Amino acid sequence: MKNRIIKLINEDGFKPGTADEIAAAADVQTDRRADFEAALKELENEGYIYMTRNGKYGKPESFNLIAGKLSCKEKGFGFVLPVPGREMLKTPAIAPVKDVFIPPDAMNGAMHNDRVIASIISKDGARGRLEGEIVKVLERANTLVTGTFRKDDRYGFSFVEPDDKRIANEIYIKPDDEGGASDRQKVAVSIVEWPSKTRSLSGRVMSILGEEGDTEAEIRAIMMNYGLSREFPEDVVAQAKAIPMKVEEVMAAGRRDLRQLTTVTIDGEDAKDLDDAVTISGMKNGSYMLGVHIADVSYYVEEGSPLDKEAMKRGTSVYLPDRVIPMLPEELSNGICSLNPKKDRLAFTVMMEINKDGMVLSHEIFESIININERMTYTDVYGILQGGNKELESRYALLADDLSLMKELALILKNKRAERGAIDFDLAETKILFDSEGKPVDVTGRERNLAHGIIEEFMLVCNETVAEHFFWAEIPFVYRIHEEPDMLKIEALNEFAGTMGYHIRGMGDLHPKALQNLLAEVRGKDEEKVVSTAMLRSLQKARYSEEHEGHFGLAARYYSHFTSPIRRYPDLIIHRIMKESLRGVMNEKRQEDLVAMLKPVAGHCSERERAADNAERDADDLYKAIIMKEHLGEDFNAIISNVTSFGMYVELENTVEGLVHISSMEDDYYIFDEKNWSMTGERTGKRYRIGGKVKVRLAKADPGTRRIDFVIIDDNGKTATKGRNKRKFSAASSVSGAGIKRKAEKNRPGRPEKSGKKPYKTAGQPAKRNKTRKRGPGPKA
């Protein structure tokens, strides 16, 4: 019924109408009227249709409105990002919509990540930046918020400062809702009342996570903030425990037996959820026969079961520096589904014949049973391929020829991707090191070597092969897509690169090879990191979609995620679809059901992936601040990673990034040049530019805010801060400096403003607080 309504309102010439008019146009029979009204209500709640005050329904665009997710920034403003797939719809009055700017005074009670409908109040879309106002909140995102409890005995009320600084409102807590929390404890708060023009945001303390600054309390807060839990519901645990932990011969029925093939897994030393294995052999015609074998999770996780529902809710496994929050219980993720050595395992296999040019000449996809010969690590494989390690070479002598073939084929596939224009970023990932007691002690860049590249290339070619196969099968599917970039961002990137003497060629009809060529130009140079980072931020984010749109970054016409069903729900979905298609049971009714199901599931999984990325980044930042706190006053070499009006961000060799605030640079008055990403001293002419090298001293590391501050030093170790003003820096530029604190105290509820007027109060609540929350220097570039 929902599909019928959507199809109707998307027809050319459709005019908004009442429920009766739409029901008549959709030919809804009397006995289906209740279903129709329920579908209409659901579509309204989902933002697909909008009802006016006079009861007429239509697409939001028909009324100069746009539905989407509100993404807020720390300074109080935000952007409405349209529903995926509807970014370019044209409204009656504006140009194609990418996002809509919402100023702080137009939020109307909406908060970060809420699903909303906004009206367009500025119709000048010539520059692609429209301004709007929130008119309706469709769904609240922040029902549970973590933060620091603050008890203000002077004024008789308590509040919580949210950890997520994009939630601009502090949360008022009534005395009966404090839950026993004490000042400066980390807590989780359930929202009781949402903000409006006359009422403050209020909540109830649901749990006390620990003391502010306690590492475990901070990690628990990060997990809770992104809806992550290591615990599974009882029915999920019961189902997992009931699954046999051994593959019986009866399970092999209808599967191809590949247990005789020499099969290996290649993963990190600490990995436990092993969902991919490979085999390789040379062919008489000079081609390679590559086999990619993926854990058959769909055999154990039936659609609609408690395990399946929980896996879909989680969407992905999350890998924090010191723990894993799995998508599936450990009985599956580390047990029967994991391709552990010397164990029979059920698998989904893709066999590909690949020639010397890297072309897949033929392929076969089927269900199999395998047995892993060796569980290898990237370190060991790299050591064998480099040669010189007699112990490793002796231990894995039987695999030497296979590993040599893998290296050959991986290099062929990599070169083929490069030739077609795939963008290959070489950005260091952070690795946090812990001592035997679990305390973070060091941070470094995660090393990548040839062995990582082998598995990466094999998984990429497998994912492309699967995507192309099922695209031409013309059945509903989930693709991994990466849309073409916004040309305004690419033009800005080109301007930025131009400040360092580089340019993007072929801007008229942009191909990923043009960006690849720019990366090749800067490779090995001082500016490589900043150009790579700026380019990455100029591109769209890859996402899941039921529509096939190709992958810009990989320069791939067809792409999907098939190879990690233990830790990614989209992979699990397409395993089911593939099985049904290969078995010939994909009927028309099932295809209709999939069409209706895949769009919201793909959107949900994309959101959960972003949440996982954000949680991983926040945890990294927390541990970096804890580690760096032990190095206060120490000096480091750094590269300028961004220049802003309030200072510059610098990055150390170990991937730690922090802010040099403009107020700490008191040797001159510095003028910010936005166009050239630089700042220049008015008196001395000293210039700081993105990509430049500097020496810095660590001034502050605050795990509570996950912020790190540096000051510039010269070759003699002297700071740019005048000696008599050093204390001014710590007060004025620190995130929690005394100067900022004192300013915040002035505007606390209960204090009259300078005009003598008393702040407005509602029954039992303080007035809404002014925008005086302690804030950091703004989002990182």
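**Questions on helices, strands and phi angles**

Student: Which residues of helix 1 are buried?

Tutor: In this predicted model, the buried residues of helix 1 are Ile5, Leu8 and Ile9.

Student: What makes these buried residues line one face of helix 1?

Tutor: Looking down the axis of helix 1, the buried residues fall within an arc of 90 degrees, so they line one face of the helix. Their cover includes helix 2 (19-25) and helix 3.

Student: How do you know how helix 1 and helix 3 are placed against each other?

Tutor: Two packed helices are described by the angle and the distance between their axes. The axes of helix 1 (residues 2-9) and helix 3 (residues 33-46) come within 9 Å and cross at roughly 65 degrees. The crossing is right-handed.

Student: Which residues make the contact of helix 1 with helix 3?

Tutor: Helix 1 contributes Lys2, Ile5 and Ile6, and helix 3 contributes Phe36, Ala39, Leu40, Glu42, Leu43 and Glu46. These residues divide into six nonpolar, no polar and three charged.

Student: What makes strand 6 and strand 7 a pair?

Tutor: Two strands pair if there are at least two bridges between them. Strand 6 (residues 115-122) and strand 7 (residues 130-139) are joined by seven bridges, and therefore meet the criterion. They run antiparallel, and Ala118 stands opposite Ile134 in strand 7.

Student: Why do strand 13 and strand 20 count as paired?

Tutor: Strand 13 (residues 256-257) is joined to strand 20 (residues 360-371) by two bridges, and the criterion is at least two, so they count as paired. These strands run parallel. In strand 20, Ile369 is the bridge partner of Asp257.

Student: How many bridges lie between strand 19 and strand 20, and in which sense do they pair?

Tutor: Strand 19 (residues 344-354) pairs with strand 20 over 11 bridges in the antiparallel sense. Asp344 stands opposite Asn371 in strand 20. Strand 19 and strand 20 form a hairpin with five residues between them, and Gly358 in the turn has a positive phi of about 85 degrees.

Student: What makes the phi of Thr655 worth a remark?

Tutor: Most residues other than glycine have a negative phi. Thr655 is not a glycine, yet has a positive phi of about 80 degrees. Thr655 is found in the loop between strand 27 (647-652) and strand 28 (657-661).

Student: Why is Thr655 called buried?

Tutor: Buried means under 20% relative accessible area. Thr655 has 9%, so the term applies.

Student: How do you know whether Arg706 is buried or exposed?

Tutor: The relative accessibility of Arg706 is 18%, which is under 20%, so Arg706 counts as buried. Arg706, also not a glycine, has a positive phi of about 60 degrees. Arg706 is found in the loop between strand 32 (693-702) and strand 33 (707-713).

Student: What share of the protein chain is buried?

Tutor: Buried residues make up 51% of the 781 residues. The secondary structure of the chain comes to 18 helices and 33 strands.

Technical notes: Residues numbered from 1 in each chain as written. Predicted model: local features only at pLDDT ≥ 70, side-chain atom pairs only at ≥ 80, totals over all residues. Heavy atoms only, no water. Axes fitted to C-alpha atoms, helices over the stretch in contact; angles between N-to-C directions. Helix = DSSP H or I, 4+ residues; strand = E, 2+ residues; numbered from the N terminus. Left-handed = near helix turned anticlockwise from the far one by under 90°. Contact = heavy atoms within 4.5 Å. Nonpolar A, V, L, I, M, F, W, Y, C, P; charged D, E, K, R; others polar. Buried < 20%, exposed > 50% of the residue type's maximum accessible area, 1.4 Å probe, protein only. Arc of directions from axis to C-beta.
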